[in-house]
Amino acid sequence: MSAPHPLNQAVIAQALHDLRNGQLRRCKAMGFGEQELEALKHPALVSVLVNATVSWCSVKVNRDVLQRLLSQVRDVEKEIATVDRMLRLAASTEMVSKFYGLTHQEVALRRDILGLPKRKGRHPVLSEAQENALWEHWKPAVKARCIALEDDIVMLELTLDLAEKLNLPASVIWAVIRSWIDQGLV
């Protein structure tokens, strides 16, 4: 004797769950009509369906929805990687909160996960030489990448690149760049 088809069992289990919870719309979306839903109220008929060895249902993949879900996963992974990069490059909690909406507690937890030391206080301001070096790297990069000064996301990417290149805290670089822009120096 053949074993019951597992897909049939899964579909019946979901349909019965939905019926018990008044989710008729979900049952109908699965393909059940009124007659089939009425049959699910009789244990003997449910037993026949559950124990059928041939599949009486099929699965159809909605490729558009599947691609959107996979894209969301990639977006979340990219966001986590960017937050981690920001924290490794000494971005402030306020920066992470502004761009990704994390709370102070979530940023602290993420720092713990990454094994980063707890920060106390602000980073020191740049020396004149450091600020000049930053300007010499930042200004040509903005022009070369065609970055609009109000495009904060792209400006953040440049800030992180400069923090790596110049070995300076991202939060300090961000503050200086915002200051230049706000003062109209560019």
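Select Arg26 first: at 44% relative accessibility, this residue counts as partly exposed, a class that lies between buried (under 20% relative accessible area) and exposed (over 50%), computed with a 1.4 Å probe and protein chains only. The model on display is predicted, so local features need pLDDT of at least 70 and side-chain atom pairs count only at pLDDT 80 or more, while totals for chains, interfaces and linings use all residues. Residues are numbered from 1 along each chain as its sequence is written, and side-chain values use heavy atoms, with hydrogens and water left out.

**Stop 1: Arg26 and Asp18**

Arg26 forms a salt bridge with Asp18, with the closest N and O atoms 3.5 Å apart; the term denotes a side-chain nitrogen of Lys or Arg within 4 Å of a carboxyl oxygen of Asp or Glu. Side chains of opposite charge can pair when their charged atoms come close. Asp18 is located in helix α1, residues 6-20; helices here are DSSP runs (H or I, at least four residues) and strands are runs of E (at least two), numbered from the N terminus. Is Asp18 buried or exposed? With 1% relative accessibility, Asp18 is counted as buried. Leaving aside residues up to four places away in sequence, Asp18 touches Gln23, Arg26, Cys27 and Met30, where contact means heavy atoms within 4.5 Å.

**Stop 2**

The structure holds 11 salt bridges in total. Select Arg110 and Asp84, whose closest N and O atoms are 2.6 Å apart in a salt bridge. This pair joins distant parts of the chain, as Arg110 is in helix α7 (residues 104-114) and Asp84 is in helix α5, 26 residues apart. Arg110 is partly exposed at 22% relative accessibility, whereas Asp84 is buried, with a relative accessible area of 8%.

Next, select Arg85 and Glu164. Their side chains meet in a salt bridge of 2.9 Å, N to O. Here too the pair links distant parts of the chain: Arg85 belongs to helix α5 and Glu164 to helix α9 (residues 152-166), 79 residues apart. Arg85 is partly exposed, with a relative accessible area of 24%, and Glu164 is partly exposed at 48% relative accessibility. Which residues make up the salt-bridge network that includes this pair? The network links Arg85, Arg145, Asp161 and Glu164.

**Stop 2: helix α8**

Display helix α8, residues 128-144. The 17 residues of this helix should span 24 Å at 1.5 Å a residue, and the end C-alpha atoms are 24 Å apart, which agrees; the expected span is 1.5 Å times one less than the number of residues. After α8 comes Cys146, whose phi is positive, near 55 degrees.

**Stop 3: Thr159 in helix α9**

Move to Thr159, which is placed in helix α9. Thr159 counts as buried, at 0% relative accessibility. Apart from residues up to four places away in sequence, Thr159 touches Ala170, Ile173, Trp174 and Ile177.

**Stop 4: two loop residues with positive phi**

Select Ala90, in the loop between α5 and α6 (93-100). Ala90 has a positive phi of about 65 degrees although it is not a glycine, and Ala90 is buried, with a relative accessible area of 15%. Then select Asn167, in the loop between α9 and α10. The phi of Asn167 is positive, near 55 degrees, in a residue other than glycine. Asn167 counts as exposed, at 69% relative accessibility.

**Stop 5: a nonpolar surface patch**

Finally, show the surface and select Val59, Val61, Leu66 and Leu70. Together these residues form a nonpolar patch on the surface, with about 350 Å² of accessible area. Patches are made of residues with over 30% relative accessible area and no salt bridge, with like charges joined within 9 Å and nonpolar side chains (Val, Leu, Ile, Met, Phe, Trp, Tyr) within 5 Å. Accessible areas come from the Shrake-Rupley method with a 1.4 Å probe, and for residues only the protein chains shown count as cover. Leu70 is found in helix α5, residues 63-88, and is partly exposed at 37% relative accessibility.
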